[in-house]
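I opened my notebook to get to know this structure. These entries follow the order of my look-ups.

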Amino acid sequence: MSSRMPSATVNGIPLGLEGVSPTTNALDWLRSRGLTGAKEGCAEGECGACAVLVARPGRSGDSTTEWTAVNSCLMPAASLDGQEVVTVEGLGSPDDLHPVQRELAVRGGSQCGFCTPGFVCSLAAEFYRADRADAGCDAHALSGNLCRCTGYRPIQDAADALGMPSGDDPLGRRREAPAPGAVPTRLVGAAGTYARAADLTDACTLLAEHPEAVLVAGSTDWGVEVNLRAARSAFVIGIDRVPELRDLDEDGDAITIGAGLTLSEIERRLGGRVPLLAELLPQFASRLIRNGATLGGNLATASPIGDAAPVLLALEAEVILTSSSGERTLPISEFFTGYRQTVRRADELIRAVRIPLPLSPISAFHKIAKRRFDDISGVAIAFALDVRDGTVARARIGLGGVAATPLRALATERSLEGHAWSESTVEAAAEVLRGEGTPIDDLRASAAYRRAMLGTSLLRLHAEQGHPGRTEGARA
Amino acid sequence: MSSLSQRPANAVVGQAIPHESAALHVTGSALYTDDLVGRTAGVLHAWPVQSPHARATVTALRVEAAYGIDGVVRVLSAADVPGLNDAGVKGDEPLFPAEARHVGHAICWVLGETLEAARLGAAAVEVDYAPLPAIITLREAIAAEAFQGCQPTLLRGDVESGLAHAAVVFAGELDIAGQEHFYLETHVSIALVDEAGQVFVQSSTQHPSETQAMVAQVLALPSNAVTVQSLRMGGGFGGKEMQPHGLAAVAALGATLTGRPVRLRLNRTQDMTMTGKRHGFHAQWRVGFDADGHLTALDATLTSDGGWSLDLSEPVLARALCHVDNAYWIPDVRVNGRIARTNKTSQTAFRGFGGPQGMLVIEDILGRCAPLLGIDPAELRRRNFYVDGQATPYGQPVRHPERLVHAWDDLTARADLVQRREEVAAFNAEHPHAKRGLAITPVKFGISFNFTTFNQAGALVHVYTDGSVLINHGGTEMGQGLHTKMLQVAATSLGLPLERVRLAPTRTDKVPNASATAASSGADLNGGAVKHACEQITARLAEVAAAELSVDPSEVTFAGGVVSGGGGSLTWEEVVALAYAQRVQLWASGFYRTEGLQWDSTAMQGSPFKYFSYGVAACEVEVDGFTGAYRTRRVDIVHDVGDSLSPLVDIGQIEGGFVQGAGWLTLEDLRWEEGDGPNRGRLATQSASTYKLPSLSEMPEVFTVALLEHAHEDGVVYGSKAVGEPPLMLAFSVREALRQAAAAFGPERAAVHLATPATPESVWWAIESARSQRDDDSPGRRAERAGVTVVSAEVGGQDPHAPDQPEPDAPPIAPETERLADSGSPR
């Protein structure tokens, strides 16, 4: 490794990273360096009090920078090596408030103030978002920030009042230059090693040499394990910036999505071309999480309540696994083998997910949860249906939250295919769907409710397809 | 008008200004207790050893292995305690327990050079447990008659006679969910010891004086050797009224034993598994209505889930009993109260302090019974309001009941409720898979601590020779804007611009013996004390100025930094300089006690409250018939804050209280492992990913708040009223709107029971219950579906719109066969 000292540029000042362990998170590191504006509210990326801005490649390729808000409590501090960070302290000071800070302050957007730095950073990311056409705020920009005091109204007002950065705004101007690239990091400490893979070959080699290593991209799952369940690892491989994992290609046969793209990047780059994903992604955690989380990570953790799997099952996607010894592609329906178990070998990583074309014309993603956004599904149901001349030519249904693994509702698919897309077919199939999986009672939902939701989801799909103009109404 | 409530022209109070720390909040400059760690050298970190059992005797504790961990400095256990091994005021909260009483109970604490060392040290401590039978649910405790503390009864009139004379009597039950505070800042204390052995504790506490007393109790020190500072809190909501004491005591004990600063900060999991929450309640009731729908009698038993120790459960229960009437006149009342002892966290104060649970009982009764009575729920509520001359069941006259009527009528007009009800009905007729509900509910909430002694406060106001002013008072800042209001009170009272006044953090060595900042009383009490101190100073300065201006002191006025009299004037600074030169005292301590309170806590009779706060909310929701998911379309509120001290602050409290109440009633779902497995008693929702707070997406699509006009409150500082707690209960409107929307999936006048919290799943079962009434909508059946027993008389006899006549021969449902749990939800 080079003799370069590992460091991150924070609010324009380089801060050394030497001595950080692979499980020291960015929040604790920043706070230990005296930057106590960012707070720990939950340590699992749910409250957003720890949000900071990082410089990431912009939308229009790699020539520009996007100030991206992320949960610093989940990121390994080591992953900031060579990166640029702006914290709430870097945006403004009490005597010289940033426009976002001013809006929040004067409108009563802070009460106890503990969540406020996180809201400021999320709002600042929105303030600097390059494709924000007019003043105003995306509805999801603050979906990852919790406030227990205000009831949100003044915060929403501040968001609605966002102006545009002035021409001489230094952070605004910074966007015009490229974001820092990934640097080859190898931080070796008493508690373990953090190694950033330079490219896919490097990643595969590292993994072959350290099959016990943890692969970390957005760290939105691993970070929770570290913080809440004291997970530790002697070797962590950072793959979040590996170029070969960040491609998004489309040919006539398929759309191939790099496993290392963040969900926000996928959302943006697909631009609605896969309606089922476009429906899924806004319901997938929060903006702060989507700015870090990747499709590969969501599949590799293999949670039965991960929301991507049901959708990819309905899309009949394929998972492309790669290792030093080669690459293999398999249907996602063969990927999950048990509770949090997959066919991925220890020396393999997920390179990409391939979605075959053409897409079924009728699709829907129904997420049943207690909270509308940023909640974990009690049940998730994804539909992809092809109805020709009034008959269901093809039906693919992916389910989450009803078994130890995500699964296809094969019996329901059979009860639909070849039958008229009619109320009677749907009612009969809904009965079949109600019996799919083996739902349990837990804190998110009762088994009875889960079964009921399986049944009503098909009725709802049919009702909504029958009334295509109906867009209002409550949704889970 | 009293001099306390009189407000000068152009007062600084009443100005809509942001929170005094807003610029610090938004820049991350505002310091919270844990932000001090990096500014304190040599800090040790604390980590608890937590019980995995709901109840177990600790038969052995072996700490040696912890000392084998690199960086472990000290293990703290019972043998280390020089004073009393108890962190509570009731003597039932051992700091280092010999018997674990709940899953997560801290048995001992490990101090390390780093948090990681302390954590690893705690993992190395070996504890032998002998598990004992545990009680987890409230219903288990009731069955086992496992109660603790007092069992008060609130009594007026003859409830049996009142029920006997009713036209109809219903009976039912209600399970009321608890609530996690989820202040964004978890509990934290940092303790230091100085060269003389004095202990200084920085604590995120709402009650520094009691934290001080508990630290002193544990360390066997006099109170004058312990100082507690509450810099500011990242939210409190009642959760930091009692719960900080033991944690501060552990930190202080560690500091005295090691001579080094000790930081004890709970992470979120520890905070949720160790500290108390809002009490869950069970209510069982019989209620009588006359032929016009007037309440005649209420007989109820309220049992709270106190958890493993008493904590504040007794006063919480007292307030629940005192609020079971909410805004309604009930001639004959008997309410029994009990506190269950369960093997859970020790439940504690939470915004509303039992009031919400008590009020929910009557609001749920009215919402459930209105369709059975055939009366529109809004009309049923309005018809039962208190009128002038009536008193609460505990004998306190209800002053200004007409204000509630004004608020109700004002809101009905402003929110266009008459027309919107028609729109809702039209929407519901057109949409088979979605229904809307529109409900309006009132709040009447008593202000003052039920415990009369606490209704006192102190303040310290310094005027320096340059004319600048520094104030201290005994109240703590947790985001509610108390300090903002106190600055406004001081500036108003001294006749100064706001910028001339600064406020210093709350410390027990500045203002002693302060009550908890709680019961919504912070501004009333501390405002009275600050004003008292300021008035002593202006009285002295008036003498000085009068001599200089050759007028009588009574003619001297203070406004805008100018001291005037007899046509002449001096600047504030000139008068201050003159006074100093003349050796006039430029600082004063203030004291305030609320007059006119009296309360017999045994008889549950008296006038415990200075006044009542009123509010009205109207809420419209839309429910999805496929899932039970819902959206809050619109909320309108009129709330009574008297003459507001600080309108931006007050509106923030109203909105925030409403949303927090809506969270309690709809979304926030505390779950405990109740089965017999190894996890029995474990809190299943112990993190932010499983315990969901309202987020921005739950904000009403339209949300308006108006302050009630002509609401001057005589006898309170500058005519204002308290605001912290009452708005939380405005959220009953959400629950009632959901109930009405769910009922709209059934036949007309379907009655439904809605479980708390009304999660989408709960709403779904309510919808299913309403739908099931299509096939059989006999009055008795509808009552059964709503979890209501018809004890006597005719159901639905008063409905002029009912197409069918009631069925007088419908067999009554036996009370013992009727349980809410059978009303649809499989939970």
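**Entry: counting elements.** I began with the secondary structure of chain A. I found 16 helices and 20 strands there. I kept in mind that the model is predicted.

**Entry: overall form.** Next I looked up the extent of chain A. Along its principal axes, the C-alpha trace spans about 65 × 55 × 45 Å. I then checked the radius of gyration. Chain A has 23 Å, and a compact globule of 476 residues would have a value near 23 Å, so the two agree. I also asked how much of chain A is buried. Of its 476 residues, 60% count as buried. For contacts, I took pairs in chain A at least 6 apart in sequence. Of these, 68% join residues at least 24 apart.

**Entry: domains.** I looked up how chain A is divided. The domain assignment gives domain 1 as 7–174 and domain 2 as 186–242.

**Entry: the UniProt record.** I checked the record for annotated features. An unreviewed UniProt entry places "domain: FAD-binding PCMH-type" at residues 187–360 of chain A. I looked at that span in the model. Its end C-alpha atoms lie 47 Å apart.

**Entry: domain 3 against domain 4.** I turned to this pair in chain A. The centres of domain 3 and domain 4 are separated by 21 Å, taken over C-alpha atoms. I noted 21 residues of domain 3 in contact with 23 residues of domain 4. Which elements supply the domain 3 side? Helix 10 (275–280), helix 13 (308–314) and strand 14 (336–338) of chain A each give at least two residues. The largest share, five residues, comes from helix 13 of chain A. By class, I recorded 13 nonpolar, five polar and three charged residues on this side of domain 3.

**Entry: chain B against chain A.** Last, I looked between the chains. I found 70 residues of chain B in contact with 70 residues of chain A. On the chain B side, several elements supply at least two residues each. Among them are helix 1 (22–27), helix 8 (268–274) and helix 19 (760–772) of chain B. Strand 27 (611–624) and strand 28 (630–639) of chain B are also included. Which helix of chain B gives the most to this side? I found that helix 17 of chain B does, with eight residues.

Definitions and conventions
Residues numbered from 1 in each chain as written. Chains lettered and ligands numbered in written order. Predicted model: local features only at pLDDT ≥ 70, side-chain atom pairs only at ≥ 80, totals over all residues. Domains from an automatic or database assignment. Contact = placed C-beta atoms within 7 Å. Helix = DSSP H or I, 4+ residues; strand = E, 2+ residues; numbered from the N terminus. Nonpolar A, V, L, I, M, F, W, Y, C, P; charged D, E, K, R; others polar. UniProt positions renumbered as here; feature names shortened; annotations may be inferred. Rg over C-alpha atoms; globule rule 2.2 N^0.38 Å. Buried ≥ 20, exposed ≤ 12 C-beta atoms within 10 Å, placed from the backbone.
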